Amino acid sequence: MLLTTTPTVEGRPIREYLGIVAGEAIMGANVFRDFVAGLADFFGGRAGTYESKLQEARQVALAEMAEQARRLGADAVVGVDIDYEVLGQGNGMLMVTASGTAVRLG
């Protein structure tokens, strides 16, 4: 499954638009991870635990979107957009959404 942020696929005409597809992932963050990330921020380092959690959430959202497109019979998803939000009491959860248009290519 080809996923692209562009509205077209160079050299491959879009034969049919199948509709908007989306995937979501909501990940919780725990107190220990928050503490370690705070130390990294304080000492000027990178918050590797948060980075890996963010990467995991992005991969889950994209995979869910691609699976929805596959069920529609798509070859690709064009115009992919990824959004990030923090949710929950004390901003303890991370939500990543991915959306795009499922298409059949010529």
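## Salt bridges at a glance

A salt bridge here is a side-chain nitrogen of Lys or Arg within 4 Å of a carboxyl oxygen of Asp or Glu. This structure holds three of them. In general, side chains of opposite charge can pair when their charged atoms come close.

## About the model

What you're looking at is a predicted model, where local features need pLDDT of at least 70, side-chain atom pairs count only at pLDDT 80 or more, and totals for chains, interfaces and linings use all residues. Residues are numbered from 1 along each chain as its sequence is written, and side-chain values use heavy atoms, with hydrogens and water left out.

## The overall layout

The protein chain has two helices and four strands, running β-β-α-α-β-β along the sequence. (Helices are DSSP runs of H or I, at least four residues, and strands are runs of E, at least two, numbered from the N terminus.) Of its 106 residues, 26% count as buried, meaning under 20% relative accessible area with a 1.4 Å probe, protein chains only; exposed is over 50%, and partly exposed is in between.

E16 and R104 meet through their side chains in a salt bridge, 2.6 Å from N to O. E16 sits in strand β2 (residues 14–28) and R104 in strand β4 (residues 93–105), so the pair ties together parts that are 88 residues apart in sequence. E16 is partly exposed at 33% relative accessibility, and R104 is partly exposed at 23%.

E67 bridges to R70, with the closest N and O atoms 3.4 Å apart, and to R71, at 3.9 Å. These shared partners join E67, R70 and R71 into one network.
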